[in-house]
Amino acid sequence: GGQLRLEGPLGQTLLDLSWPGPGAIARTTSGVHRHASLDEAIVAFTGVPLPVAALFAWLRGRPAAVTGWEAELDRLSEVRLLARRVEPAPGLELRLLLERAPAPDNDRP
């Protein structure tokens, strides 16, 4: 299972996606939608398939080869990721500005 939240440039939540097991739940401005799979939920929101497994590898700074996709990992230290689908059409560009997780509070008892 996991969770992914996409926010717009003004901080509004565009997609709050969770996959607690088989299937996925997408919360958008138009409501809550249930899907048979994570990939199906992504296509319903974006209109095109995204390489989800590769995306998580890229976010960890690991190269992952996906046919038709290019990822620029050199700006991850600036918490930015750029990935492009160059083929097949339509092209797609993902520009992600990541939010760092807060550091654990080790001073708590």
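A: **Salt bridges and their setting**

The side chains of Glu-78 and Arg-75 meet in a salt bridge, with 2.9 Å from N to O; the term stands for a side-chain nitrogen of Lys or Arg within 4 Å of a carboxyl oxygen of Asp or Glu. This is a predicted model, in which local features need pLDDT of at least 70, side-chain atom pairs count only at pLDDT 80 or more, and totals for chains, interfaces and linings use all residues. Residues are numbered from 1 along each chain as its sequence is written, and side-chain values use heavy atoms, with hydrogens and water left out.

Glu-78 is partly exposed, with a relative accessible area of 42%, and Arg-75 is partly exposed too, at 39%. Here buried means under 20% relative accessible area, exposed means over 50%, and partly exposed lies in between, using a 1.4 Å probe and protein chains only.

By the salt-bridge rule the count comes to five. One of them joins the side chains of Arg-84 and Glu-93, at 2.9 Å from N to O. Arg-84 is partly exposed, with a relative accessible area of 25%, and Glu-93 is partly exposed as well, with 38%. Salt bridges that share partners join Glu-72, Arg-84, Glu-93 and Arg-95 into one network.

Another salt bridge brings together the side chains of Asp-16 and Arg-5, at 3.4 Å from N to O. This pair links distant parts of the chain, since Asp-16 lies in strand β2 and Arg-5 in strand β1 (residues 2–7), 11 residues apart. Strands (E, at least two residues) and helices (H or I, at least four) are DSSP runs, numbered from the N terminus. Asp-16 is buried, with a relative accessible area of 13%, whereas Arg-5 is partly exposed, with 46%.

A nonpolar core is a set of buried Ala, Val, Leu, Ile, Met, Phe, Trp, Tyr and Cys residues joined through side-chain atoms within 4.5 Å. This core has 20 residues, and Leu-17, Trp-19, Leu-38, Ile-42, Leu-50, Trp-58 and Trp-69 touch the most other members. The largest share, four residues, comes from α2.

Helix α1 can be read in a similar way. In α1, Leu-38, Ala-41 and Ile-42 are buried, and they cover an arc of only 100° around the axis, which puts them on the same side of α1. The arc is that of the directions from the helix axis to the C-beta atoms. The buried residues of α1 pack against β2, β3, β4 (31–35) and α2. After α1 comes Gly-47, whose phi is positive, near 90°.

Finally, a word on confidence. The chain averages a pLDDT of 85, and 91% of the residues score at least 70; pLDDT is the predictor's confidence in each residue, from 0 to 100. Confidence is lowest in β1, at a mean of 84, and highest in β4, at 95.

How values were computed:
Contact means heavy atoms within 4.5 Å.
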